[in-house]
Amino acid sequence: MSGPDFCSSPRSVRRGAVLTLVFVSVLATAAATNSWPESDARVPRPSHTRDVASTVDRAELARAASEAEADGKSGTKAAEEVVSRSGDRWGAVYDRSEYKEFEDALDGEYTGVGLWVRRSRDGHIEVAKVQPGGPAALAGLRAGDRLRTIDGRQVGTSPVTAVVAQLRGGDDASAAGTAVAVGVQRGHQGWTRTLRRVRLATDAVTVRKLSGKATLVKVTAFSRGSGAQVDRAVRTAPAGGGILLDLRGNSGGLVSEATAAASALLNGGLVATYDVHGTQRAVYAKPGGDTGRPLVVLIDGGTMSAAELLTGALQDRGRAVTVGSRTFGKGSVQMPSPLPGGSVAELTVGHYRTPAGRSVDRHGITPDVTAGDRAEARAETVLSGLGGGS
């Protein structure tokens, strides 16, 4: 049994018209950035019931899965039905292969062709960006190309999630080495390329210099190793320069990695409190972090879960000025429960609060400085005003 997982991992509905993906990210991130990564496809499907710790009877859940397996039916589907009736807004059930994908994504890996898709202004599906070195990039695809067909089927104005599902393939077709034929149009020219899916690594943390001595650290997800990358970026930034920590579109991930990132910017102390079935627990940063550099945190509606936990800690403890728009508001804690047949249920067991005792769930975090389209420029101005840009 693992520790708490603050990823947004909504109910699995992969089989069928909608494919659910990891990180818990896509709906909120897409809403904020209008870009859907092929590597992500778990679509949050919140219910309209009250958000409470899981009321799922684990014995009932295991019994439903076991009885379905004994009858030659899907234990995963039986468990999904139990969870869907429970009112657990973020409860999810994954079969063995889906949970493997979930864990791989937390390792910063996925199987695919390395492209992000979005809906264009005229309603068609186009390439938002391609991953350098991936199959799509090597085949010459680039941002702005319109997707016409996938495996001979017209894309048209299909839902973006359905296009993502086709690109990744079904349960048997999504393995590395399998092929997918992608028809694209660029201007008046059109062609089809056959791409082979491969294992790709996502770069969760990127660093670039800003004007003066300031450094931008962009964290797209708290996958394994991301906390150490943030720590390295802070420690190697120019002396006297400020840090602009960009958490926009960050769908969450592992709380341990978010805590490691907090440890890079705090000198120990409380990061968050949370409850598991009513038992109160706490998460603390390690001592020795850099508390001298000016720090600004960029947030938006795609900032979720573990990213909200980090934001709340830095805001409550007066360590950072937050800039942007209100975060998503996903403050529940999930833990996995193995089920008969190899599937896994991730059930809500409690909720976390910031060091000041604020509940994030459904409320989100309100930035200190509200900014819209030019949020990054506004954040740089704020950082400069704090003395971190010179």
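This dialogue explains how to read several features of the predicted model shown above.

User: What kind of model is this, and how many helices and strands are in the protein chain?

Analyst: The model is predicted: local features need pLDDT of at least 70, side-chain atom pairs count only at pLDDT 80 or more, and totals for chains, interfaces and linings use all residues. Residues are numbered from 1 along each chain as its sequence is written, and side-chain values use heavy atoms, with hydrogens and water left out. Helices (H or I, at least four residues) and strands (E, at least two) are DSSP runs, numbered from the N terminus. The protein chain has ten helices and 20 strands.

User: Does G240 count as buried or exposed, and does T348 count as buried or exposed?

Analyst: Buried means under 20% relative accessible area, exposed over 50%, and partly exposed in between (1.4 Å probe, protein chains only). Of the 390 residues in the protein chain, 56% are buried. G240, in the loop between helix 7 (226-236) and strand 13 (243-246), counts as exposed because its relative accessibility is 54%. T348, found in strand 19, counts as buried because its relative accessibility is 0%.

User: Which side chains make a polar contact with the side chain of T348?

Analyst: A polar contact is a pair of N or O atoms within 3.5 Å; within protein, one must be able to donate a hydrogen and the other to accept it, and residues adjacent in sequence count only if both atoms are side-chain atoms. The T348 side chain makes such a contact with the side chain of D88 at 2.5 Å, and another with the side chain of Q334 at 2.8 Å.

User: Which residues touch the most other members of the largest nonpolar core?

Analyst: In soluble globular proteins, nonpolar side chains tend to be buried together. A nonpolar core is a set of buried Ala, Val, Leu, Ile, Met, Phe, Trp, Tyr and Cys residues joined through side-chain atoms within 4.5 Å. In the largest core, of 41 residues, F222, L245 and L314 touch the most other members. Helix 9 (residues 306-316) supplies the largest share of this core, six residues. A second, separate core has 19 residues, among them A136, V155, V160 and W191.

User: What is the strand order in the open sheet of six strands, and which strands stand at the edges?

Analyst: Strands of a sheet pair through backbone hydrogen bonds, either parallel or antiparallel. Two strands pair if DSSP finds at least two bridges between them. The open sheet has the order 11-12-13-16-17-20, with mixed pairing. Strand 11 (205-209) and strand 20 (369-370) stand at the edges with a single partner strand each, so one side of each has no neighbour in the sheet. Strand 16 (residues 295-299) and strand 17 (residues 321-324) run parallel and are joined by four bridges; V297 has T322 of strand 17 as its bridge partner.

User: Which strands does helix 9 lie across?

Analyst: Contact means heavy atoms within 4.5 Å, while axes are lines fitted to C-alpha atoms, for helices over the stretch in contact, with angles from 0 to 180 degrees between N-to-C directions. Helix 9 lies across strand 13, strand 16 and strand 17, at about 140 degrees to strand 16. Helix 7 lies across strand 11, strand 12 (215-219) and strand 13, at about 15 degrees to strand 11.

User: Where is a hairpin formed?

Analyst: Strand 8 and strand 9 form a hairpin with two residues between them, and G187 in the turn has a positive phi of about 65 degrees. Strand 8 (residues 179-186) and strand 9 (residues 189-196) pair in the antiparallel sense over eight bridges, and A181 stands opposite T194 in strand 9.
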